[in-house]
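Dear colleague,

Please read them with the coordinates open.

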Amino acid sequence: MSYQLWTHQREAISRAKDLSSFALFFEVGTGKTATAIHTLREWISQGSKPLGAIVLCPPIVIRQWREEFAKYAEELLPWVVLLEGAGTKRLKTLKDSPRDRIFITNYETLLMAPVFAELTRKGLDVMVCDESHKLKTFTAKRTRKAVDLAARIPKKIIMTGTPVLNSPMDLFSQFLVLDNGATFGTNFFVFRATYFYDKNAGMPKQSYFPDWRPRPGIEEKIAALIAAKSMRVKKSECLDLPPLVKVELPVAMSPQQRRAYDEMKEDLVTYLDSNVCVASMALTKLLRLQQIVSGFVSVESPDGEGGILHKFADVPRVAALSELLEDIAPNHKVIVWACFKNNYEQIRGVCERLKLNYVEIHGERTEGQKREAVASFRSDDGVRVCIANQKAGGVGLNLIEASYSIYFSRGYSLEDDIQSEARNYRGGSERHDRVTRVDLVTRGSVDELILAALKQKQRLSEKILDLRNEIASI
């Protein structure tokens, strides 16, 4: 082998190989994929018959998993089969393949009824759920399908750096997949009543909404329950990474932006070029405020038919990005993160004016185009900038060639923020003296509110009713 496993990886493999289920709660960039592959290799070597396995992962990393098998278990590579493309193609590939293969596919495969039926018929032996926090919502269709499939498979691995994003409730369905209910039972409502209480239980019926909180001391009890079949690893504990420097760069709004922002904030209605933009709900209001800050806003036509995009002519945030890239990009590769598709056009314009070669990873690109963009950014020194969306490009990708990341705009998702930050701050980042994250922040705006919520590891949507006074003050 041309590589050497880290100590925490060897410990996890040693613990998992003699169990039927194990959770790798490794922070992003600490080598959980290699650990899972070596555990699978151990299980295969122990068996008296060839094992069949399925790996479920985000679509953008399906082929990356094959590359990881080539790197860490080359002898298993001939058994790796990718299930991609249309459902009919996946079904044919699955039917034409022997059961003792390692099928790698995305979670959406579980929702393709004929393919799911064939997976259950295969009688597989191992199931690996990469980024298992995607199964945290027990009512979601893919979670229910994952639970159904997992009940038929004897050996399981779940793996994620963020098993708890909103509350310890996130663990229930992940462990239901992992051990068929051995840890927390099979009934979510019993689990919730056991470990949580409804803070608003005494509210009048007409104004009631649930607010489930962990019972005192419950985090320690849950940690003790999961300890026997899981391992938590943090980057700070196992990797000799360079410093992660976080910088908030203040940027202003133009007078037109500020006027629209203040009108939206105060009246929920702002008029732009005789068009009216109405935000009737708090989350929509926050979204519109954030759009205005980043340089555009979606508006409705006066007759209420269709939508009109208003772009502000003067956007200081774009000028700030231009200055940053002009200074940084000649000597460092840069990821520019943005959560709105209209931001991509703004960022492209900056790169083209500065004559910087760039690639794009976001929802307007196919999976194939995203893979090509990643490969180009990593291997071509002439490509200096990667324009990426936190959700589309924030999971599973390795972009350690970039020593800078700039957040042009941010969403409300803690998961997306954590995952995107880890794309270039992970094992391999030792090549840099430091890794720098720059957040463009408009003071006295919703930018500050979102950053504060992310720093406090709180889900913004759950705080809406508590935010009215805060919103009014920014």
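Contact here means heavy atoms within 4.5 Å. Please bear in mind throughout that this is a predicted model.

With that cut-off, T33, A34, A36, I37, H38, L40 and R41 of helix α2 meet W65, E68, F69 and Y72 of helix α3; sorted by class, the residues in this contact are seven nonpolar, two polar and two charged. The two helices, α2 spanning residues 32-46 and α3 spanning residues 62-72, pack at an angle of about 65°, and their axes are 10 Å apart. The crossing that α2 and α3 make is right-handed.

Turning to the sheet, six strands form an open arrangement in the order β10-β19-β18-β15-β17-β16, and their pairing is parallel. At the edges are β10 (244-250) and β16 (357-361), each of which pairs on one side only, while the twist from one strand to the next averages 20°. Within this sheet, strand β15 (residues 333-337) runs parallel to strand β18 (residues 402-407) and is joined to β18 by five bridges; V334 stands opposite Y404 in β18.

Two helices lie across strands of the sheet. Helix α17, residues 414-421, lies across β10, β15, β18 and β19 (435-441), and runs at about 155° to β18. Helix α18, residues 446-455, lies across β10 and β19, and its direction is at about 140° to β19.

Definitions and conventions
Residues numbered from 1 in each chain as written. Predicted model: local features only at pLDDT ≥ 70, side-chain atom pairs only at ≥ 80, totals over all residues. Heavy atoms only, no water. Axes fitted to C-alpha atoms, helices over the stretch in contact; angles between N-to-C directions. Helix = DSSP H or I, 4+ residues; strand = E, 2+ residues; numbered from the N terminus. Left-handed = near helix turned anticlockwise from the far one by under 90°. Nonpolar A, V, L, I, M, F, W, Y, C, P; charged D, E, K, R; others polar. Pairing = 2+ DSSP bridges.
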